Each structure stands twice: as C-alpha cells, then as structure tokens.
Amino acid sequence: LQWPIFVVDFTDQRTYHRCKGLEKVVGKEFMFYSKRSVVVNRVFDKQSKWVSLGTKVLQRDNVPYEHIPLVVRTDIVETLQHILQYRYQATLWDPIETLWNRSVDIAHYWPSDGRSGIGRFQKQLRDTVSRVMEHHFASRKIFVGVTGTADRRGRRKPQTAYVRHMLDTKIVVVTQRDEWEGHYRLYEALLSGALVMSDEMLILKRLGLENGTSIVEFNSVATLKALAEYYLVHDQERHAIAARGRYIAMSQHRSWHRMEEIVFGTIVTKCTAKECPYIV
C-alpha cells in the first residue's frame with residue numbers, strides 16, 4: 001500500500017516544480033502537485049500602460065497541477081471579530097455592509113510615490129492605479145497608501161489599523177502583481193464588508209467569484225473610474241455585491257476548505273445556516 005503524496009507550492013514563483021527523485025521512489029502516479037500561481041506570460045505593457053493577462057497553465061511535461069489559491073487567514077478573522085465586538089458591538093454574522101456609515105469612499109492600499117520601500121518589483125500596475133485614484137477621485141475622501149506595518153514584517157501578524165480602515169471604507173480596490181495573480185489582500189478586502197474592485201483575473205471563476213455579483217472587475221483606467229463612480233452612488237447594489245463576496249470568502253476559502261480540495265478534490269465541509277460560514 002502506497003499513500004499518496006501531495007506537493008503544494010504556495011509561493012509567487014511561476015516555476016512548475018517537481019520532485020522527480022521522489023517520483024522514482026514511490027511512483028509518479030502517487031504524486032499530486034498543487035500550485036498557487038498558475039498564470040504565465042502576464043506582463044505590464046508599457047505602451048498601453050496596463051497588464052496583458054497571459055494564459056492559465058495547469059499542466060507541464062504531461063504532469064497536471066491543481067490550482068490551489070491562497071486562503072482567508074484565521075488570524076485576520078480573529079482580528080476582525082475583535083474589532084466588530086468592541087468597536088461596533090457587532091458579530092461576524094451581522095450585515096456589516098450596512099450597520100454603520102463608512103466615511104472613506106475608496107481605498108487602494110498601495111503608495112503612489114514609490115518611496116515606501118515595499119514591493120519594489122512587479123508593481124507598475126499598482127503604482128498606476130494609485131496615481132489614477134489620487135488624480136481622479138481628488139474630490140472624494142480617498143486613501144492611497146499603507147496602514148499599519150508594511151512589507152514582510154506587516155505580514156507576520158494581523159495589522160489592526162489596516163482592518164479598522166477597511167471597515168470604514170465603502171470600496172476597496174485591489175490589484176495584482178504585474179506577473180502573477182492572487183494575494184491575501186483580496187480575501188482581506190472581501191472580509192471587510194466593503195465592495196471589492198479588482199483588476200481582471202484569469203482565476204476569478206476558480207475563486208468562486210462572479211464579476212458584478214460578488215466582486216467588480218476593471219480592465220482599464222477608464223473602467224476603474226466609471227465603475228467606482230457608479231457604485232459610490234448606488235448603495236444597495238454596492239452592499240449586495242459586498243455581502244455576496246464576504247459570504248464566498250468565508251464559505252469557500254478557509255484553510256480547511258483548501259486542505260479538503262488538495263486531498264479530496266472538492267470542498268467537503270458544507271455550510272448550514274446555523275453553523276457557518278461566519279466563524280473563526
């Protein structure tokens with residue numbers, strides 16, 4: 001009897017790793033590979049000043065790779081729960097999209113000046129979006145920059161100031177790196193009850209998200225401006241999309257969901273109205 005071996009790559013790297021030595025020992029048929037980053041040839045086009053999406057690749061050298069996205073971090077959920085309880089007298093189960101007036105119209109948690117020292121590579125799209133927001137939405141209350149501790153130090157533990165700020169924001173804009181898709185900021189934004197706007201992604205369907213229903217995608221500076229302006233004045237639509245996005249994040253992207261997908265190929269833990277998804 002040979003137990004299957006699951007190899008999971010959660011890094012940003014676009015290399016498709018294999019354990020060929022282990023394959024020889026246990027047999028290739030018992031090796032199962034999963035990968036976070038499955039988009040290749042995504043690149044920032046300097047002429048159009050936007051990203052070319054590339055292609056999604058789920059097989060290399062006749063070896064299949066399952067796409068395994070990142071997860072909702074439990075420590076972020078714990079921080080969110082604490083803030084809701086002591087600042088808003090609310091719980092994870094409450095309709096936080098509408099319980100209080102959010103004072104910030106739109107936020108993009110990325111600096112526009114290039115002097116912050118964070119994320120020095122693959123950031124041209126993020127820089128572009130931050131500069132556009134500062135210019136176009138100058139008459140609105142916006143935030144472009146970093147809250148809490150940035151870079152790797154800030155990722156080691158939850159940043160309370162960051163979570164608080166998202167809870168006070170109507171629209172959170174998230175952008176991918178120039179050469180790959182998927183990051184924790186997407187899930188953190190979905191948890192906050194804000195409407196999440198994201199640049200276009202090839203992996204959107206795999207994440208269980210639907211454009212216009214649980215997230216709003218933009219594919220140019222023009223669509224970013226137009227869609228943000230639209231949803232800032234259409235509160236009910238904004239709240240409905242935000243609520244659906246938060247539900248999907250909590251019901252399909254917890255750590256146990258991802259482990260079930262790796263081992264069983266599908267999510268096994270199904271929600272009931274009383275038990276989940278709004279749990280720590």
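Biologist: How many cavities of 30 Å³ or more does the structure hold?
Modeller: A cavity is a set of points on a 1 Å grid over the protein atoms alone, where a 1.4 Å probe fits but cannot get out. Grid points are joined across faces, edges and corners, and a volume is the space filled by probe spheres set on the points. The number of cavities of 30 Å³ or more is five.

Biologist: What is left out of the side-chain values?
Modeller: This is a predicted model: local features need pLDDT of at least 70, side-chain atom pairs count only at pLDDT 80 or more, and totals for chains, interfaces and linings use all residues. Residues are numbered from 1 along each chain as its sequence is written, and side-chain values use heavy atoms, leaving out hydrogens and water.

Biologist: Which strand gives the most to the lining of the largest cavity?
Modeller: This cavity has a volume of about 60 Å³. Its lining residues (an atom within 4 Å of a point) are His108, Tyr109, Trp110, Arg126, Tyr162, Val172, Val173, Val174, Thr175 and Arg185. Strands are DSSP runs of E, at least two residues, and helices are runs of H or I, at least four, numbered from the N terminus. With three residues, the top contributor is strand S11 (residues 169–174).

Biologist: How many residues in that lining are nonpolar, polar and charged?
Modeller: Ala, Val, Leu, Ile, Met, Phe, Trp, Tyr, Cys and Pro count as nonpolar; Asp, Glu, Lys and Arg as charged; the others, Gly among them, as polar. On that scheme, the lining of the largest cavity has six nonpolar, two polar and two charged residues.

Biologist: Is Tyr162 buried or exposed?
Modeller: Tyr162 sits in helix H5 (residues 160–167). Its C-alpha atom is 8.8 Å from that of Tyr109, 53 residues apart along the chain. Buried means under 20% relative accessible area, exposed over 50%, partly exposed in between (1.4 Å probe, protein chains only). Tyr162 has 9% relative accessibility, so this residue counts as buried.

Biologist: How much space lies in the second largest cavity?
Modeller: Its lining includes Arg36, His67, Glu181, His183 and Leu207. By class, that lining has six nonpolar, three polar and two charged residues. The space in the second largest cavity is about 60 Å³.

Biologist: Which strand gives the largest share of the lining of the second largest pocket?
Modeller: A pocket is an open set of grid points with protein on both sides within 12 Å along at least five of seven lines. This one holds about 200 Å³ of space. Strand S2 (31–35), strand S8 (63–67) and helix H9 each give two or more residues to the lining. The largest share, four residues, comes from S2.

Biologist: How many salt bridges does the count come to?
Modeller: A salt bridge is a side-chain nitrogen of Lys or Arg within 4 Å of a carboxyl oxygen of Asp or Glu. Asp75 and Arg73 make one at 2.8 Å, N to O. By this rule the count comes to 13.

Biologist: How many residues apart are Arg42 and Asp199?
Modeller: Their side chains meet in a salt bridge (3.0 Å, N to O). Arg42 lies in the loop between strand S3 (39–40) and strand S4 (43–45), Asp199 in strand S12 (residues 195–199), so the pair links distant parts of the chain. The two are 157 residues apart.

Biologist: Is Arg140 buried or partly exposed?
Modeller: The side chains of Arg140 and Glu229 meet in a salt bridge (3.2 Å, N to O). Glu229 is in helix H7 (residues 221–232), and Arg140 is in the loop between helix H3 (124–136) and strand S10 (142–144), 89 residues apart. Glu229 is partly exposed, at 27%. Arg140 has a relative accessible area of 26%, so it is partly exposed.
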